[in-house]
Amino acid sequence: MVIQIRRLLVAVLLLGSLTFQKGFAEIPVLSVDGQPLAANVARLIECREAIGDPFPEALLNELKKAVESRDSLRIQELLDSEVLLAVHLNPEYRVKVTRGPKKAVLTQHGYQPFLVKVINESTLTERLRVSSPQSGNVYSGVSPFILQRQQQEHLGDSDSQETSPTSSNDSASERIFQFELFDDPPLTDRLSGLEVEYVLLLAYCSEEGKREATLAFDVGQGTQDLGFRGEIPILFECQPAVPVRLSIHDEDGTPTTARLMIRDAKGRVLPPQPKRLAPDFFFQEQIYRHDGESIRLAPGEYSIISSRGPEYVVQKQQVTIDPQQENTVEVHLQRWVNPMEFGFYSGDHHIHGAGCSHYQDPTQGVSPVDMFRQVKGEGLNVGCVLTWGPCFDFQRRYFSPQADLVSEPMTLLKYDLEISGFGSAALGHVCLLNLSDQVYPGTNGTTDGWPTWTVPVMRWAKDQGGVTGYPHSDMRIDEEKYADWILRRHDKNGDKEVSIDESEAALLPDKFGLIDEDATGTLSRAEIVRVADRAANTLPNLVLPSMNGSGAMEIFVSASEGVCDFTSAMDTGRIGEWNTWYHLLNCGLPIKLSGETDFPCMSSRRVGQGRVYVNLGEEERQQIQFSDWCEGLAAGRSYVSDGYAHALKFEVSGVEPGTGALLLKGPSVVLVEGLVSFAPETPVAVAYGTQPNSDGRREVGDTRILHGTRSNQTIQGGDRRVEVVRNGEVVASQVVPADGKPHRIALSVNVYQSSWIALRHFPQLHTNPVDVIVSNEPIRSSEESAEWCAQSVELLWASRSHVIAENEREEARAAYDRAIETYRARRIEAKRIRESLVIP
């Protein structure tokens, strides 16, 4: 009877479903259907328990009884004492917010859940949103395109999100909070439409002490209440986090730097990425810490995943942070392979400290100290940080002819240049390494006045002892434009088809009869498009690149001019990278292959996802020299890899890559020997060739490439096929297990003419070649490769010569003509050598 009287009194007092809780701010209590509210609160109870923050036991027991009896008034009576904020949506969808009785207490660097009561007179079922000028990203100026390519759009500039339109203070330095409404199961991401429900607000603060934040709620544009009633300032008491000392040691016991990924009991990454500034990068889940450094964590349970690059075992440990005692986390790193024992020293020659994912505010990129932490934390011996267009004036101050002073004997950081965002970039970006001077004559140290084609700047770098090459070298194929090129060159009678007679002079990617699907004796544009699409997924292939502004376009000219040392791999499509390289090698041009990441543009997850391992000799070293490493890179004493596959030894009849040619008096059988090792676990990601890239080419998505047990995160174990490549064609292979152990390769290969021979595992690993010279003849192994290179030069001039400055065009035209002449001459030589061969 008492309960009935109380309920009647509540109903009368509301007269519109409204009354006030005694002793604190207005918390409306509504008489609503008990079943849906009980279901909402049951999910809330489950969620609070799952995230490790259950309701107080006495309250929880009473609350469960109210839920079981579907008593909506009793549920509200119990829960409203736990409410931090009450959000009211009126019938016109206007939102206002009032303060509840719950104390606003946080722990620094920890996520604290708070209860929000929603009074929904509008019965809307939209997403409720929270914002604050003190919440959101603490950086700005990042590239939206890059974040989209890396599927990290949520980390974009804070100027367009998480801010209150009524705020007068929107400084990034004030964004010390992070607020979000918890919408993971069992909770929902939209309002239910019930007149009363409860949602969970997660709050984080990066500082300690009393800190104020203004919170605003809305359900879409224009739904904020007039008079600023949709927002409210709250003074939080932020209790200090607990310092946690890190003890980090390498396999040999020496102190070092490790990659650490820290997650709380709910799986949230700490520290939160939107709150990171250097030395921690917001576009990475992990952080890098040196031995003896500390991190600050809120009390609780955490998982810490540690490693130091792909040569190390990934380890996971659970830790409990106790505020009543000293807390230390010990990390003892372990390798599964050590290429240095075989004389190989790893490097990533293409890293950026500004631009792409890097913010431009509060600073224009980051410093050498921050970049060194990344390089050492991924176990690289060499990291080349390349200054380029973005933030050029700021970043060029870090350049030095020697390795940066932050370097250590076995970990070097060197600042050099990428010609990108200025100068000759429209004809292919250029990496310039080991420079003693970064100021091109007449430029006064700015990006103005640089050459508009690549050969002059590469020649300038070579003259000062530099090493030159092209990054992200996969030149995209446009099948439609390729078909137009074939028709334009070979459709002599204008019937928009290529007859069998017209095709005699054409460089086609397959036999005429296989392209002529309808057997009409002519090739239609559609048939040429289809064969181009098929061939583009094979290696090698004769489909001409589109020369539309991507990749190492001018390499055909700079290689013939003798000013290019290398082309890069491991950060774009493998077929495109390796195909161009194969054709140049077939023409006898000594271009070497190097490995890179183009961090954080092509990949921001970590440096060294693409690597080059340079052989500096097997003698034990106490330190390495950057110039020696660059010399080995230019000579080709190396292999490229994702770090999960290694050619610890490779030689052809005793000759190693980059040490000279194997000389034969005549056709012979050579012995290809190697020592290879593959990680027992390989991550599934674009950078490792185990996930499709943006253009969907099958070479980076074909599950036949890597055999093993596939999980969402890794490919475990299985077998790897190691192939011997002679003049671009696979001539022998051997299967080895991916078990983290070294395995010997021994295969015999026939050599009938001067050739190049290399070892590879597609798509993870490729050695540089050994040249085998037969009867003193030069390497001219393919007439088609020579013609492919010549036509690539012609196509490049036709499509891109307009970007070359008028005062440079005459010199460029002469170099292009020399290149075409070189390739056509080598085609004739290749034909002569082929016709003279005697093959048993």
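Biologist: Which residue forms a salt bridge with Glu517 at 2.8 Å?
Modeller: Arg530, counting the closest N and O atoms. A salt bridge here is a side-chain nitrogen of Lys or Arg within 4 Å of a carboxyl oxygen of Asp or Glu. This is a predicted model: local features need pLDDT of at least 70, side-chain atom pairs count only at pLDDT 80 or more, and totals for chains, interfaces and linings use all residues. Residues are numbered from 1 along each chain as its sequence is written, and side-chain values use heavy atoms, leaving out hydrogens and water.

Biologist: Where does Arg534 come in, and what is its partner?
Modeller: Arg534 forms a salt bridge with Glu517, with the closest N and O atoms 3.3 Å apart. Arg534 lies in helix α11 and Glu517 in the loop between α10 and β24, so the pair ties together parts 17 residues apart in sequence. Helices (H or I, at least four residues) and strands (E, at least two) are DSSP runs, numbered from the N terminus.

Biologist: Switching topic. How many disulfides?
Modeller: The count is 1 disulfide, meaning a pair of cysteine sulfur atoms within 2.5 Å. Cys356 and Cys601 form it, sulfurs 1.9 Å apart.

Biologist: Which hand is the disulfide of Cys356 and Cys601, and why?
Modeller: The torsion about the S-S bond is about 100°, so the disulfide is right-handed.

Biologist: Is Cys601 buried or exposed?
Modeller: Cys601 is buried, at 5% relative accessible area. Cys356 is buried too, at 11%. Buried means under 20% relative accessible area, exposed over 50%, partly exposed in between (1.4 Å probe, protein chains only).
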